[in-house]
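Hello,

Here is the structure we talked about handing over. Please open it first, then read the notes below next to it.

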Amino acid sequence: MLKARPFLIEAITAVGLLLAPFILPHLGFAPNTVNRILVWGLFGIGFDILFGFTGLLSFGQSAFYGTGGFFAAYLLTRAGFPYVIPALLLGMVVAAVVGYLVGLIALRRTGIYFAMITVAIAEVFYFVEFNPLADWTGGENGLPGVPTPTLNLGFTTLNFDTGWSLYQFLAVCYFIGIVLALRIVRSPVGAIFRAIRENPLRATAIGHNIHGYKLAAFVIAAAYAGFAGGCLGVMQAFMPPDAFMFETSGQLIMQSAIGGIGTLFGPLLGAAVWLFLQDFLQAALGLGAAWKLVLGLVFVLLVCFLRRGIIGGIEDLYHYLTGKRTASEPEESSPQLVDEVKVHTPRVPARVVQMPHRQPEGGKGGPILQASGLTRRFGGLVANNNIDFTVEQGALHGIIGPNGAGKSTFFKMLTCELPPSSGKIVFEGRDITGMTVTNVCQLGLTKSYQVNQLFNRLTVRENVTVAALAALRGRFKLDLFRNMRKMPELNALVEQTLELVNLTGRVDTPVSDLAYGEKRRLEIGLALASSPRLLLLDEPLAGMSPRERVETVALLKSISAGRTMVVIDHDMDSLFELVSKVTVLQEGQVLVEGTPDEIKSNEKVQEAYLGGMRGVFE
Ligand SMILES: Nc1ncnc2c1ncn2[C@@H]1O[C@H](COP(=O)(O)OP(=O)(O)OP(=O)(O)O)[C@@H](O)[C@H]1O
């Protein structure tokens with residue numbers, strides 16, 4: 001939905017907001033209910049960016065809602081600050097600053113621990129509002145007397161005091177909020193948010209500082225919450241203490257789930273359903289407090305039958321009717337099964353495409369990588385033992401070894417995914433031992449994984465784009481409103497990569513719909529789009545059919561033109577065809593090094609592989 005033509009969604013939103021006062025009263029919505037929906041919708045935009053787009057489920061958004069709301073209300077009621085709109089903006093800024101500080105702590109953990117920290121922090125804020133800060137916040141009485149906004153146009157003053165006139169103010173705020181959010185999710189930062197949601201480890205490994213981006217999402221969500229909190233006080237002429245309650249965060253999450261997570265409009269729609277049901281069940285059917293029982297049932301039914309909420313359901317219906325499947329709805333069958341039954345796309349012979357490389361730091365020639373005395377222990381197990389290894393500029397180097405010989409562990413140390421127990425790694429003359437995987441990727445050393453590490457709910461193009469963004473923008477850049485369509489260098493790098501890995505015909509296909517061989521090529525494409533000067537490929541042929549192997553070897557040959565690569569693989573025939581030098585690992589140590597011919601005829605290697613049976617490589 002968010003990929004629709006530029007400005008189409010904005011235009012539809014504007015029309016919807018303009019028509020709402022004429023249509024909604026006929027559907028039983030009172031103006032006050034519509035205003036509350038807008039405040040919840042505004043609050044939910046930030047939450048959706050945090051959870052729906054970045055995958056960070058926070059149960060503590062009430063902390064920022066209350067902070068922004070009470071700060072603005074305090075200014076307007078107790079501090080004698082007369083300007084409502086600036087007060088709301090100041091409340092937003094304070095909430096964002098508090099969000100930054102809270103994010104620094106909460107984002108130190110991931111998953112359920114992150115969620116639990118946000119719950120704890122929200123509870124702390126609730127307590128602080130009631131006790132130490134009661135003189136400022138009014139404690140359990142809240143802050144009454146919050147004025148409504150006015151806008152002085154010089155020749156006249158607009159008063160947005162009640163009902164539909166306040167709606168005009170809130171509708172403009174919502175519209176600005178949604179336009180900014182749409183810009184953010186369509187920007188490079190938005191693409192990286194989605195990548196973090198899908199696979200944070202890979203997002204890190206292709207060169208993004210994901211902690212910085214998560215913190216940015218957290219601050220954005222806090223800012224939206226703070227502004228919405230201020231609007232709540234303005235709307236009710238009273239800032240209620242329950243803004244800080246955990247229930248507020250819970251209601252936001254449920255409303256977002258009902259409307260559709262990851263859609264930006266879901267929280268608005270969810271709030272409309274929630275508040276409509278509340279009014280209808282409580283007043284029209286006279287259910288009183290029991291209305292929540294019915295709401296609970298509605299919620300369970302919706303989540304069971306519309307797992308992506310109402311908007312997700314509408315999207316699915318649209319795709320069903322038009323015969324397309326959405327990238328955000330992976331099939332439920334096992335990926336392996338999908339791989340096996342998918343019809344492969346027509347194969348195109350690998351073409352040599354000139355890819356941009358990061359400029360080398362040193363001069364040409366000589367070793368690009370030197371590892372000395374690399375050792376890695378896992379408890380009592382020595383996976384790599386005192387390995388010395390050198391890769392020359394422009395070389396195509398292979399590594400073989402029986403299962404468990406320590407090949408993948410060695411690669412993980414070279415890319416700094418795993419710290420060595422001892423030893424040193426020098427890349428282009430720089431000691432990279434102990435650096436982060438992100439920094440090493442930014443220096444120009446990266447790898448493709450033995451087990452695919454893709455962004456599953458993103459399309460092929462989006463996957464490659466995320467990797468290319470790291471190459472072009474560095475570890476972290478807050479270009480929140482940049483239009484990716486206007487980045488010709490990005491589009492060129494993405495197109496070149498897609499062409500190189502023969503995926504140009506599958507650009508808009510979600511990863512979950514790709515055949516296994518295509519996924520393997522995309523895996524290589526992600527590493528390539530990082531524009532590495534040294535590319536490590538961990539078993540690129542693993543799990544492929546004989547035909548796919550032949551094609552992938554041809555592909556690797558074309559990739560290797562002008563590039564330095566180290567390839568691990570068990571398929572020795574293919575590997576020997578590809579590389580000019582081979583290192584054999586056995587039991588974590590270098591057994592022997594040499595040209596493919598030397599390795600084929602080496603007795604130690606024959607011994608290692610088939611207990612000395614001659615002719616194993618012939
Ligand atoms: N995180 C870990 N914790 C404990 N042991 C590990 C860990 N990672 C690897 N090992 C062990 O280290 C040894 C080397 O594993 P590694 O995966 O590097 O071998 P490999 O040569 O890549 O094997 P394969 O060809 O099967 O992929 C194995 O005995 C493995 O069980």
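In helix H11, the residues Leu252, Gln255, Ser256, Ala257, Ile258 and Gly259 meet Gly266, Pro267, Leu268, Leu269, Gly270, Ala271, Val273 and Trp274 of helix H12. Sorted by class, the residues of this contact are 9 nonpolar and 5 polar, with no charged ones. H11 covers residues 246–259 and H12 covers residues 266–284. The two helices pack with their axes 6 Å apart, at an angle of about 105 degrees. Angles of 65 to 115 degrees count as roughly perpendicular, so H11 is roughly perpendicular to H12.

Please keep in mind that this is a predicted model.

The protein has 618 residues, and 47% of them count as buried. It contains 24 helices and 14 strands. Along the principal axes, its C-alpha atoms fill a box of roughly 90 × 55 × 50 Å. If you take the contacts between residues at least 6 apart in sequence, 74% of them join residues at least 24 apart.

Next, the sheet. In what order do the strands of the open sheet of 4 strands run? The order is E6-E5-E8-E9, and the pairing is antiparallel. E6 and strand E9 (430–431) are the edge strands, each pairing on one side only. Strand E5, residues 367–378, pairs with strand E8, residues 422–427, in the antiparallel sense over 5 bridges.

Last, the ligand. Which residues are around it? They are Phe378, Leu381, Ala383, Gly401, Asn403, Gly404, Ala405, Gly406, Lys407, Ser408 and Thr409. Two elements give two or more residues to this shell: strand E6 (381–392) and helix H16 (407–414). The largest share, 3 residues, comes from H16. By class, the shell has 4 nonpolar, 6 polar and 1 charged residues.

Regards

Terms used:
Residues numbered from 1 in each chain as written. Predicted model: local features only at pLDDT ≥ 70, side-chain atom pairs only at ≥ 80, totals over all residues. Near = placed C-beta within 6 Å. Nonpolar A, V, L, I, M, F, W, Y, C, P; charged D, E, K, R; others polar. Axes fitted to C-alpha atoms, helices over the stretch in contact; angles between N-to-C directions. Parallel < 35°, antiparallel > 145°, perpendicular 65-115°, else oblique. Contact = placed C-beta atoms within 7 Å. Pairing = 2+ DSSP bridges. Buried ≥ 20, exposed ≤ 12 C-beta atoms within 10 Å, placed from the backbone.
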